[in-house]
Amino acid sequence: MMMDEDGQISLDFLLGISLFLIALMFIVQFIPGLFIPGTSGEGSLDYTAYRTATILVEDPGWWGNSTSSGTDWEENTDNILRLGLAADDDSSSKLTNTPNLLSKQKITQMMMVNESTLVERLGLYNNVDGTLFSYGYNISITQNDTPQSLNNTPILLGETIPYDRDVSKITRIVLVEKGVEAQFEADELTINASEVEDPILNVTGPLNGEIKVQISNLNITGVDPSFKRLMLDGVQLNEGPDYISHKLVNGTMIPLEPTGKINNSDIVIFYIEPGIFNDTRTYELEIDLKDITFTKSGPPFLDFNQYIKTFYEPAYLTVEVWN
Amino acid sequence: MELNDRAQIHTLEGLAAAILMVITMLAITQSAMIVTPQNELSMIVHQEQISSDALTVLDIAPDTAIQYNLTECVAGWQGNESNVTSSNLETLDNELANLLPDIKYNVDLAYVKDGELNTKQVIINGAATEDAVVVRRLVTLSNSSVTSSGGAWNLTDDELMVVEVRLTSWQI
Amino acid sequence: MADLKKDSNGQWIALSGFVISLIIIILAVMANQAVIAGYHSSNAALEFPKENIRELNLQTRDNAAIARELAYEINKTSNESIHIIYDDLFNNCSSQMRMLYAIHGENINVELVSINSTTKVSNASEIDMIKVNITYANEKTFYVAEPEIIEVNV
């Protein structure tokens, strides 16, 4: 009888305690899931990405030593206090009037700044009780999802983005300096008297960056007005690797096929790839056209460099940060 | 009989404890936290930022970057309000569409004329969703800038008009 | 049941369940507190109306330059002096901006202080460097630039 009684009690106790333990285990495995999405760490990661992108896009940066300071840190890379990419025409005032317009020199210099300076000056680290943990980061400037090149290096900083982490990402629209552009009216262009359809430009190097040549108000004189080729010092340039040709018809860009007819209201545009005018000398760039004539004869030929302006294109600056 | 009576007491206790803990747990997860709004907030901030960037870029763009800047686009407005099928300010619409892929937007113009505030819809791309954001940018028009862009603002020669370009944007 | 009532052993399993529930609640409240703190601090930074303030500043600069051009233009045919014309144009723009900001619940004020760098007074005949006082206020942020110096003769 005594034995029986003990047996029943422990079965009851066993059932009670195991119910309790099952519930406890269920809760314990729930606890991390309960608190992790709520930690303030993730919010601050979002904020880090936001802040980094804001500083890069809207601030011209700052340098300083004991005697002087300014926003032109790209020329004083030993004393950088803050990294910013916005172009600034007055380096003594702390603000710029052109946020979102990025300076090519600043981008070039930022790519050369060493890793630890970059992390420190952009604040890409977390300070936990005095110990610094740097975040993983990836900063890039892209156009059509491909990183932009600057002097043949893609503008891409940091590491590849891990797939197994939470990444805070922010994208900003910016204008980046692509190279130089010159716009011509057709009657300004000069020709060799013998070849009235082939205007020639004198281009003085070195010019790095992309080169955009724009010609408007063409004088059509035949039935098949079209573009044939570009010649550089008598050597033909290759469409594709060396340059791309377009015509602008009522605001839309259309590729300029060799046979496509050109109207006199069209604007003809050539994009010449970087690296063609690398040497310090004067090049002769000849544009071979058909059934389009020019009147002003040379030499001297028109000086391309007098017409150049910096040209910008919209691009996306993306900052990604993770722990 | 005494045995039977005491038999389930521990089981009942365990059950009560388990139910209590689970209910507490559920109550906490249900009421849980301001976590989601944090994410939502940063999404909204991102959306605001990129929309605002689009207007900024259009506003500050030199001639060599974008053919018509924001002032020129607005100055060229013919004074017609848009409806769903036709948009005014097509150049602005095209330029914005280029800068903001995957984002839909409407554009309104607000300005003060004769001391009264006017708001006109000029680009309509659909009905704004709940999470739409509004960003804005100002441009100042004079009669000369209106004339050179071929607009119909009817300004006098000694008049300046400040126009607010209001962009309402949302994710598709 | 009578025996149950007399049972003085105490229902310790149920009691521990209760205690654990309490602990979870306390933990959740504390974690929430931390989240709220982080939320408010990063919120303050994310919600700062930097675009609106900068736009006010940049637009004032634009206005200063546009008004200058137009003032010289009007001055050719009018017998009003240049600083009066400029004053009018600039203040007119400022009041328009004031209205446009007001509909978004933001109170701004742009006040012309002087239009010349050398004489420091507003009745000068040359407009080269403009000083303005800019203030901006919404329900959370207050911004003042006094004076904001704008060079317009470039």
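This is a predicted model: local features need pLDDT of at least 70, side-chain atom pairs count only at pLDDT 80 or more; totals for chains, interfaces and linings use all residues.
Helices, counted when they have at least four residues, and strands, counted when they have at least two, are DSSP runs that are numbered from the N terminus. Counted in this way, the secondary structure of chain C comes to four helices and three strands, and its elements follow the order α-α-α-α-β-β-β from the N terminus on.

**Chain C**

- The domain assignment divides chain C into domain 1, which covers 12-46, and domain 2, which covers 50-151, and the C-alpha centres of these two domains of chain C lie 52 Å apart.
- Of the 154 residues in chain C, 30% are buried.
- When the contacts in chain C between residues at least 6 apart in sequence are considered, 47% of them join residues at least 24 apart.

**Chain A as a whole**

- Chain A holds four helices and 24 strands, and buried residues make up 35% of its 323 residues.
- The radius of gyration of chain A is 31 Å, whereas a compact globule of 323 residues would have one near 20 Å.
- The C-alpha trace of chain A spans about 130 × 55 × 30 Å along its principal axes.
- Among the contacts in chain A with a separation of 6 or more, 74% are accounted for by residues 24 or more positions apart.

**Strands of chain A**

- Three strands of chain A form an open sheet in the order β2-β1-β3, with antiparallel pairing, and its edge strands, each pairing on one side only, are β2 (69-70) and β3 (80-82).
- Within this part of chain A, strand β1 (residues 62-64) pairs with β2(A) in the antiparallel sense over two bridges, and S69(A) in β2(A) is the bridge partner of G64(A).
- In a regular strand the side chains alternate between the two faces of the sheet.
- Strand β15 (residues 210-216) of chain A runs antiparallel to β20(A) and is joined to it by five bridges, with I269(A) in β20(A) as the bridge partner of Q214(A).
- Strand β18 (residues 243-249) of chain A also pairs with β20(A) in the antiparallel sense, over six bridges, and here S245(A) stands opposite F270(A).

**Where chain B touches chain A**

- The contact takes 35 residues from chain B and 37 residues from chain A.
- On the side of chain B that touches chain A, the helices α1 (2-7), α2 (9-31) and α3 (35-60) of chain B each supply at least two residues, and the largest share, 13 residues, comes from α2(B).
- This side of chain B divides into 21 nonpolar, 12 polar and two charged residues.

**Nonpolar cores**

- The largest nonpolar core has 130 residues, and those that touch the most other members are L102(A), L175(A), V74(B), V163(B), V165(B), A67(C) and L89(C).
- Helix α4 (residues 82-102) of chain C provides the largest share of this core, with eight residues.
- Apart from this core lies another one, of 14 residues, which includes F20(A), M25(B), I28(B) and A31(C).
- Leaving aside its neighbours within four places in sequence, L175(A) is in contact with residues of chain A, including L102(A), Y312(A) and P314(A), and with V57(B), A61(B) and A65(B) of chain B.

Key
Residues are numbered from 1 along each chain as its sequence is written. Chains are lettered from A and ligands numbered from 1 in the order in which they are written. Domain bounds come from an automatic or database domain assignment. A nonpolar core is a set of buried Ala, Val, Leu, Ile, Met, Phe, Trp, Tyr and Cys residues joined through C-beta atoms within 7 Å. A residue is buried if 20 or more other C-beta atoms lie within 10 Å of its own, exposed if 12 or fewer, and partly exposed in between; C-beta atoms are placed from the backbone. Two residues are in contact if their C-beta atoms, placed from the backbone, lie within 7 Å. The radius of gyration is taken over C-alpha atoms; the globule rule is 2.2 Å times the number of residues to the power 0.38. Ala, Val, Leu, Ile, Met, Phe, Trp, Tyr, Cys and Pro count as nonpolar, Asp, Glu, Lys and Arg as charged, and the others, Gly among them, as polar. Two strands pair if DSSP finds at least two bridges between them.
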